[in-house]
Amino acid sequence: MKTIISKPCHIFTFLLAILLFKVESQQFFFKNYSVESGLPFVQVSCMYQDNNGYLWSGGFGGLSRFDGKLFLNYNLKSGLIDHNVNAICEDDKGKIFIGTNKGISVLIGRTFFNYNKVDNVVVSQVNSLCKGYHHSIYIGTNKGLYMFKDEKIKQVKKLAGYKINCLYNPDTTVIFIGTDKGLIVYGHNTFNVLNAANGLAGNKVTCITQFKNYLVIGSSKGMSLYNVSTRKFTNYFIENGLIDENISAVCNQNNRFLWIGSQGGLLRFDGKVFNYYSVDSDNNGNHIKSILNDREDNIWLGTRSGLYRYRDNSFSTFDKINGPGNAFIFQIFRDKKNNLWLCSQNNGIYKYSQGYFKRYSPKDGLKSVVCKAGLEDNLGHLIFSSGTKLMLFKNDQFNSIQLPKEFNGPFENIFQARDNTIWIAGSNGVASLIWKNTSWESKYYNLHDKRSYQTYGLCEGQNGEIYVGTSPAGLYKIKDGVVSNLNKDFNLKEEDFFALRFYKGFLFGASLNGVLVINTKTLENRYINETDGLNSSLVYSIEFAENNASMWIGTNQGVNKLDIKLFLEKNKVNIISYGKLQGFMGVECNSNGIWEDKDGTLWFGTVNGLVKHEPYSIKKNDVKNKTLIQNIRVLNEDTLVKDSLVLPHDYNTISFYYRGVCLTNPDKVLYQKKLEGLSGDKEWSIPSTEDYSKYANLAPGKYTFKVRSSNNEGIWDLSETKFSFRIKSPFYLTWWFLLIAFIVLFSTIYIIFSVRVYNIKKKQRLNYERKVEMSKIELKALRSQMNPHFIFNSLNSIQHYIFNTKSDEAIKYLNKFARLVRIILNNSERPTVTVSDDIEALKLYLELEQMRFEDKFEYEIIIEDSVDTDYDIMPPLLMQPYVENAILHGLNPAPYKGKLTIRMSSENNFLICTIVDNGIGREKASEIRRTMPVKSYRPLGMKITEDRLRILNEINNSKLSVTITDLKNINNQSLGTKVELFVPLTG
């Protein structure tokens with residue numbers, strides 16, 4: 001910053017200003033945004049901030065919108081009328097007007113509407129825009145003034161032919177128009193021209209604003225302040241403090257400062273004094289084309305090297321011409337004369353006094369340019385390290401101080417204890433130094449014998465003990481001349497300590513893992529590092545400030561301010577970090593390179609020179625953000641939608657991208673959001689820096705997304721930005737479809753139920769009928785087996801045995817007959833019986849028939865081993881009708897004694913019952929039956945058995961079957977009959 005008195009003066013004042021420019025070397029922080037940041041052009045011609053807080057800029061390359069983090073760029077492909085943008089403005093409805101070399105474009109939402117003709121005449125180059133009256137926009141061109149209203153452009157006749165360079169509307173009844181022929185005051189009943197003849201500095205007016213009670217007019221030949229009441233001009237030229245008379249931009253900062261830009265640089269004017277600001281070391285950065293003061297009180301500069309943002313004077317650096325430049329600055333201190341001393345690694349020693357830097361090098365008596373440590377002791381001795389020597393500075397001369405021979409440099413730190421003992425950190429230990437009478441007395445302390453190390457940190461404890469930090473030999477303590485290894489005593493694993501400080505029983509150490517905090521009473525320790533908010537865990541310097549209320553922590557990524565009181569009292573870590581983005585341009589700090597002045601000014605030694613910090617100059621941002629939903633994506637596709645959106649049911653993934661527009665420090669902006677209508681999302685989310693939200697697979701229903709944000713200072717805008725939408729239900733979830741579906745479902749269920757009930761009843765009825773029929777058949781079978789003829793014959797046989805005095809045979813026959821009746825009655829009550837039970841009944845029947853027919857036949861029952869007679873089951877009395885048929889119609893009519901063979905076997909899960917007789921055969925038996933009288937006995941056993949098999953198969957879904965085969969010889973003569981019964985085995 002350079003200071004120039006603004007009073008009119010002669011050439012001597014001008015020469016004094018030039019001298020001051022050269023002497024002052026302080027460089028304040030201007031954050032640059034250029035092509036590397038996303039800006040589409042290097043030269044910025046114009047800027048504008050809209051009602052949403054967006055910063056618009058234009059240049060040769062189109063239009064750009066900045067939200068604090070990202071640039072959204074527009075060009076010819078986007079619909080812009082021309083790529084050379086000269087002016088930007090916004091109307092009352094939020095439309096953005098862009099003035100170009102070929103007319104104007106109006107941006108509404110994401111669509112451009114272009115206008116370049118008035119009465120079929122092409123509008124010439126647009127140089128400026130401003131709001132008019134009644135929702136109009138004034139357009140200043142090379143050929144006069146135009147007005148845009150109701151989607152039409154009209155020419156202002158009075159100003160036809162004027163080349164208009166700038167427009168300024170102070171929200172009064174007139175607008176001020178800067179032309180090549182002077183300043184025009186134009187209103188409904190006003191038209192005045194002010195030029196050099198009236199006292200204006202120059203006729204070519206390039207920029208206009210207001211400052212306090214003055215109208216500020218920048219021209220090609222100087223700056224004028226015009227008092228509207230007195231109608232008098234006060235002009236400023238180079239001899240009055242300007243650095244360039246060709247003024248390109250002026251900006252009023254809340255009537256506190258007037259900012260003035262030209263191709264020669266930037267000035268700040270408070271009404272009395274001009275202060276020069278060097279924007280960048282590059283000349284293009286100092287070529288100012290436009291200036292804007294945003295709503296957060298930032299100053300924005302449009303230059304030939306992009307955009308620059310200036311916030312305050314809190315951080316500044318010093319150039320290499322008159323300051324330390326990029327020297328590696330280490331230990332810093334002030335002497336009793338208020339001179340600031342800087343110790344550097346590569347440039348010797350600097351003394352800063354009354355705005356001047358004086359450098360001391362080997363030509364001034366130093367042994368080396370490596371001078372990393374220094375201090376002024378309580379007796380006024382100025383002591384510095386220089387390479388491997390310790391130097392005393394007196395009477396502008398450097399002289400060596402004798403140290404123990406075994407003590408080696410380089411020396412990284414010099415520290416004075418409360419007892420006036422000076423301690424020096426060397427490459428193989430430490431040495432103590434004390435002034436006694438007229439000479440120095442020193443003593444060497446070896447800390448570690450077995451390895452090489454460098455000593456960096458020195459501080460004093462509450463009982464006079466000296467703590468020593470090394471790398472990589474750990475931490476030590478010297479008390480009453482005794483050296484203690486604290487890594488062993490405190491059980492520490494940390495080996496690197498670059499700076500040490502002691503406060504209220506706590507030892508703080510700067511390390512490569514953060515700040516190690518050791519409670520020297522309890523020996524408890526913990527780290528403060530990146531997880532707690534440090535901008536890096538590589539800590540090189542620490543220092544208490546603000547009366548020990550805070551601790552400054554220097555890292556390889558900047559500095560950090562720790563609330564030490566809060567930390568020690570409540571064990572809570574509150575850190576504010578400052579890096580390159582916040583103006584700390586030194587970036588990497590050096591060990592022991594922090595100093596605090598009495599007024600609170602802080603000085604930091606870095607690898608890029610000296611950084612000055614004035615905490616009291618930090619400008620707080622109390623402006624609330626405007627939170628905007630910038631984009632909405634449906635199914636990961638960008639969409640341009642309006643509030644109360646209705647989406648199909650399968651478009652149920654939606655993402656919101658939002659921004660709390662904060663141009664001061666957008667990285668510190670926090671967001672809270674919620675989606676009303678979503679279960680589990682009724683409360684605001686935890687504040688975070690995440691600026692988008694995605695919701696997938698949303699159920700049909702109504703939703704309202706809400707978001708709010710805080711600015712970089714944590715001030716929340718509690719007004720909510722909302723977006724409502726509805727996801728329609730699929731047709732199969734609509735009320736009418738559900739009603740139809742319910743009716744159809746109910747009807748279907750009713751029909752199915754009715755059919756089922758009907759089928760069950762039908763099946764039950766059929767089963768009942770079958771059971772009744774089965775019972776009838778079984779009764780018929782029983783009667784057929786117990787037919788009156790059989791009983792009559794049996795009783796005649798018994799009578800025959802009695803009359804012929806064969807009482808034993810009669811009794812025997814009667815017993816067997818009774819047993820057979822009993823077995824038949826028992827078996828007829830069961831659906832199945834075992835093979836053994838059925839064979840028993842069959843044997844009794846055969847025995848009775850043998851007795852009745854007096855051994856007319858013989859029989860044989862063969863049961864193969866594959867049949868388990870006690871386990872395998874079959875329907876009762878199934879074989880009896882076939883056996884009876886074989887005896888009555890096959891064997892009995894034969895003229896010879898017949899034979900009946902019954903065989904039982906098992907194969908393929910079937911029980912096979914084979915009945916073979918050698919009787920007359922079925923053909924001859926049929927002939928005999930045809931000759932019999934009609935009323936004679938007709939056997940029904942075979943028919944009943946067939947019906948019984950059919951019903952059993954239907955009821956049990958089984959495969960009972962019978963096969964009857966006529967046996968014949970080669971001459972086709974009958975040899976008898978074979979019957980095969982196939983009974984499925986179910987056991």
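In which sense do strand 34 and strand 35 pair, and over how many bridges? In this predicted model, strand 34, which covers residues 329-334, pairs with strand 35 in the antiparallel sense, and the pairing runs over four bridges. Within that pairing, Phe333 has Trp341 of strand 35 as its bridge partner. The two strands make a hairpin with five residues between them, where Asn338 takes a positive phi near 70°.

On to the next pairing: strand 35 also pairs with strand 36, residues 349-353, again in the antiparallel sense and over four bridges. Here Trp341 stands opposite Lys351 of strand 36, so that Trp341, already the bridge partner of Phe333, links the description of both pairings. Strands of a sheet pair through backbone hydrogen bonds, either parallel or antiparallel.

What, then, of the side chains of strand 35? In a regular strand the side chains alternate between the two faces of the sheet. Leu340, Leu342 and Ser344 point one way from strand 35, whereas Trp341 and Cys343 point the other way, and all of them are buried. Because five of the five residues of strand 35 (residues 340-344) are buried, the strand is largely enclosed by the rest of the structure, where buried stands for under 20% relative accessible area.

How values were computed. Residues numbered from 1 in each chain as written. Predicted model: local features only at pLDDT ≥ 70, side-chain atom pairs only at ≥ 80, totals over all residues. Heavy atoms only, no water. Buried < 20%, exposed > 50% of the residue type's maximum accessible area, 1.4 Å probe, protein only. Pairing = 2+ DSSP bridges.
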